[in-house]
Amino acid sequence: MKHTKIIDLLGGKGLLHEVKAKGWVKTFRNSQFIALNDGSTINNIQCVVDLDKFPAEQLKRIHTGAAISVRGTLVESRGAGQNVEIQVEKLKIYGEANPEEYPIQPKKHSLEFLRENAHLRIRTNMFGAIMRVRSTIAYAVHKYFQENGFFYFNAPIITGSDAEGAGEMFRVTSLDLNNLPRTEQGEIDYKEDFFGKTTNLTVSGQLEAETYAMALGSVYTFGPTFRAENSNTSRHLAEFWMIEPEVAFNTLDDNMDLAEDFIKNVIKYTLEKCEDDLKFLEKRLLEEEKSKPQAERSEMSLIEKLRFVVENNFKRVSYTEAIDILRNCKPNKNKKFNYIINEWGADLQSEHERYLVEKHFKCPVILFDYPADIKAFYMRMNEDGKTVRAMDILFPGIGEIVGGSEREERYDVLMDKIAKMGIDAKELWWYLDTRKFGTAPHSGFGLGFERLVLFMTGMTNIRDVIPFPRTPQNAEF
């Protein structure tokens, strides 16, 4: 007999008929009531065991974490807390879980403890909810782009170029580190390496996506990216996923419209599909915030906040206007910021971004027209010669969630910027070709997927919204 998903059983599928369910034991009360979960929903199904029908030795082997199969009649429940339950006729144990050794017992665990047991933390209600939401968001990303005429493009993970110009990249090599080949000058001879040159894990698929937008019109990437930043914060990972659309003939305004519409649609879809999980995460967040001072608590619940983003326009503010707001705000005047804003041209920090979103405007903000000196080489120069057509989207509790721009499509201007920033034009010959052969205005942005998941789940540490976080000094699992 084929087993039925618990989410379907709870919906009444098979009522008053014989059903089979498989999953992991959450709790086993009084040697009679098994709370069973198979991951399809945050909700468990109660399985009622008749003590007279099963050997005591078999029941003693059932503990939290054990994998079992039950077969019996699905009936309306007489107890509180559930609508239906299974009256168990047959029971099979696939795998036991010794309660003396199994770490995920039915009690409250710290997030740090769960990170140390990342291979098992998915068994908890919280991480089950987070990862189901994450999966739904990922589907919503593809759904949005596929329904809006975009083509899914797979950017290379191993690359010889640095899209950000930051240099914080992971080196890829097949050389024997204990016996490195050397040139006559004593430097490592990368001509002997697998690719015949220095290569790295990608920090972005943007440059490659631009070349495809110049033929397919609208493309997007959605894949892993890597940053070798020695940054142990709640907002940074060494390995994370990026969503990067690139659209031919789009201006900066088009780019901002696309980003806002995309985010709203993804959140709206996830709200519709993950109601139970989001309600659970909302309740968890409310409990967590009770320990905070009143001034630090969110003004809206998690679901209210998500609906607010969907139903309201993002505030669009120029960098210049934002600097004026920050320069004259109380935290800056009273030197409460770690980085004091004194003049135009300052690179905004997370504390500044969150002030603008959470205190001043109290809604998502799109900042645009940044100083050219603090932005990447590929961003289009404005007519003033000082600013570029860049835009960042700032979210409450997160700071920057999207970074994008209209790209510099003029060959001469781009070559001048590359020279001023000390970038090797020879390494980007293929990228520069797109400015020589049929160049056109185009725009795109990058959205850190985990930051969106962070916002949508109400979690506060990015390590808790990716299955196995990669951070400095940590590559466990």
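Two residues are in contact when heavy atoms lie within 4.5 Å. Keep that in mind as we walk through this structure, which is a predicted model: local features need pLDDT of at least 70, side-chain atom pairs count only at pLDDT 80 or more, and totals for chains, interfaces and linings use all residues. Residues are numbered from 1 along each chain as its sequence is written, and side-chain values use heavy atoms, with hydrogens and water left out.

**Two domains**

Let's start with the overall layout. The chain splits into domain 1 (6-95) and domain 2 (125-314 + 363-464), with bounds that come from an automatic or database domain assignment. Their C-alpha centres are 44 Å apart. Six residues from domain 1 and six residues from domain 2 make up the contact.

How much area do domain 1 and domain 2 bury between them? The figure is about 450 Å², with 45% of it on carbon and sulfur atoms. Buried area here is the accessible area (1.4 Å probe) that two parts lose on being put together, summed over both. On the domain 1 side, Lys 26, Gly 39 and Ile 42 lose the most area to domain 2, and together they account for 80% of what that side buries.

What about charges? There are zero salt bridges between domain 1 and domain 2, a salt bridge being a side-chain nitrogen of Lys or Arg within 4 Å of a carboxyl oxygen of Asp or Glu. The rule does find three residue pairs in polar contact across this interface (both at pLDDT 80 or more). A polar contact is a pair of N or O atoms within 3.5 Å; within protein, one must be able to donate a hydrogen and the other to accept it, and residues adjacent in sequence count only if both atoms are side-chain atoms.

**Helix α5**

Now zoom in on α5, residues 206-216. Helices (H or I, at least four residues) and strands (E, at least two) are DSSP runs, numbered from the N terminus. Which residues of α5 are buried? They are Gln 206, Leu 207, Glu 208, Ala 209, Glu 210 and Ala 213, where buried means under 20% relative accessible area, exposed over 50%, and partly exposed in between (1.4 Å probe, protein chains only). Their cover includes β7 (158-159), β10 (218-226), β11 (239-248), α13 (429-436) and β16 (442-448).

| Residue | Relative accessible area | Class |
|---|---|---|
| Tyr 378 | 4% | buried |
| Leu 16 | 63% | exposed |
| Phe 477 | 41% | partly exposed |
| Leu 51 | 43% | partly exposed |

Tyr 378 sits in the loop between β13 (365-371) and β14 (387-395). Leu 16 belongs to the loop between α1 (6-10) and β1 (18-29), and its phi is positive, about 70 degrees, although Leu 16 is not a glycine. Phe 477, in the segment after α14 (449-457), also isn't a glycine, and its phi is positive, near 75 degrees.

Leu 51 is in the loop between β3 (45-48) and α2 (56-59). What does Leu 51 touch, leaving aside its neighbours within four places in sequence? Its contacts are Ser 31 and Leu 59. Leu 51 and Phe 33 are 18 residues apart in sequence, and their C-alpha atoms are 10 Å apart in space.
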